[in-house]
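Thank you for making the time this morning.

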Amino acid sequence: MTEPLRPLFHFTAPRGWLNDPNGLIFHQGFWHLFYQHNPKGTDWGNMTWGHAHSTDLVHWEHLPLALEPYGEGTIFSGSAVLDERGAADCGKKALLLFYTFAGRPFDQRMAFSNDGGQSFQQLAWNPVLPNIEGENRDPRVFWHAGAAHWCMALYVRRGTSDGIEFYTSPRLTAWSFASRIEGFYECPECFELEGNWVLFGADGEYVLGQFDGKTFRPEGERLKLDYGMNFYAAQTWSHARDNRRVLIAWMRGGSYPGMPFNQQLTFPTDITLREIGGQKRLCRQPIPEISLLWRESWEVMETVLVPGCGLTGLWEGEAFDVEATHAPAGRQALKATRFVRPHEYRGLWRRR
């Protein structure tokens, strides 16, 4: 293996730096993944939108860069929508990318594609939302069916106060302020799930509530979506079939000495809403498509685990998916264990 530190299951750029996932959208049979990227080095900077797509969320094909720096600014985080009715006058079913232009000052801009995301053009009359105040970035755009208009959730720092502001638009190219909710920092995400609305920022702390297309009204306290130290800037795919909500995040903080790439994304998870201890909570489960990586399996029944003696020496492989039912010493020690060897990594992605 020429790149021994390349993650086996997690998305990485072919080379260069990677951070926030951006513009996640299911379109024309493909799961599109855009991401913050520096194609010229393994450190943060020169922010560009990398682009890949997949038919199964597991095997990825890398595509040409979607958005590159221009003028005196770079391309910060944002989102994507499908303009089915042609509201933005860029063509029916145009794929629209909303992003922060990190210039002097920052503002919100739009690019569009009429070839299924193979290439993008800048909107002639950018910006669609001029600079507001202080830091303003990371537009998350979505359609609100009840209000019958487009919404934008945007991180805005006013003075020393961090918050998410909501803007509305009938045509996607001009936006009006609607409301503000305090206490959330960058990379906002907002979506409806099973009759409830979910709102969170980059750290993944979320709140459930109701959103009428203008104002988000929390119902209950803030909760944690992930307790790890590396989960950041999560986003979910728009326009997924059967109202499926799939999430991926930047898995920040990795270190890969001597490798041509830096950083990785989490493995995609399905998001559901469940009641736990009388409280509604978001729950995450690795997508079932992970089974596409399984090669062969073995079962070991009624096995006692002995300290210092492992089981994996019985099989060969770089990684295993293990399902185990176990009991404390003095009881039946191991009910069932399944070891599954995934496909070799080189089959997970390819570069166009």
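Let me begin with a definition: two strands are said to pair if DSSP finds at least two bridges between them, and the strands themselves are DSSP runs (E, at least two residues; helices are H or I, at least four), numbered from the N terminus. Before going further, please keep in mind that this is a predicted model, in which local features need pLDDT of at least 70 and side-chain atom pairs count only at pLDDT 80 or more, while totals for chains, interfaces and linings use all residues. Residues are numbered from 1 along each chain as its sequence is written, and side-chain values use heavy atoms, with hydrogens and water left out.

With that in hand, look at strand S18, residues 231-236, and at strand S19, residues 246-251, which pair in the antiparallel sense over four bridges. One of the residues involved is threonine 236, whose bridge partner in S19 is leucine 247. Is S18 mostly covered or mostly open? Six of the six residues of S18 are buried, where buried means under 20% relative accessible area, exposed means over 50%, and partly exposed is in between, with a 1.4 Å probe and protein chains only.

Within S18 sits alanine 233, which has a positive phi of about 55° although it is not a glycine. As a reminder, most residues other than glycine have a negative phi, and most peptide bonds are trans. Alanine 233 counts as buried because its relative accessibility is 2%. Glutamine 263 also has a positive phi, near 80°, in a residue other than glycine, and it lies in the loop between strand S20 (261-262) and strand S21 (264-265). At 3% relative accessibility, glutamine 263 counts as buried.

S5 and S6 run antiparallel and are joined by eight bridges, and glycine 78 has tyrosine 99 as its bridge partner in S6.

Now let us consider threonine 269, which is found in strand S22, residues 269-276, and which counts as buried at 7% relative accessibility. Which residues does threonine 269 contact, leaving aside its neighbours within four places in sequence? They are Arg245, Val246, Leu247, Arg284, Gln285, Pro286 and Ile287, where contact means heavy atoms within 4.5 Å. Proline 286 is 17 residues away along the chain, and yet the C-alpha atoms of threonine 269 and proline 286 are separated by 4.3 Å.

On a 1 Å grid over the protein atoms alone, a cavity is a set of points where a 1.4 Å probe fits but cannot get out, whereas a pocket is an open set with protein on both sides within 12 Å along at least five of seven lines, and lining residues have an atom within 4 Å of a point. Grid points are joined across faces, edges and corners, and a volume is the space filled by probe spheres set on the points.

The largest pocket holds about 720 Å³ of space. Its lining has 28 residues, and those that lie nearest its centre are Phe142, Trp143, His239, Asn243 and Arg245. S9 gives the most to this lining, with five residues.

The search of the whole structure also finds two cavities of 30 Å³ or more. Of the 13 residues that line the second largest cavity, the closest to its centre are Gly78, Asp138, Cys187, Pro188 and Gln235, and about 80 Å³ of space lies in that cavity. Strand S1 (16-27), S5, S9 and S18 each supply at least two residues of its lining, which brings us back to the strand where we began.
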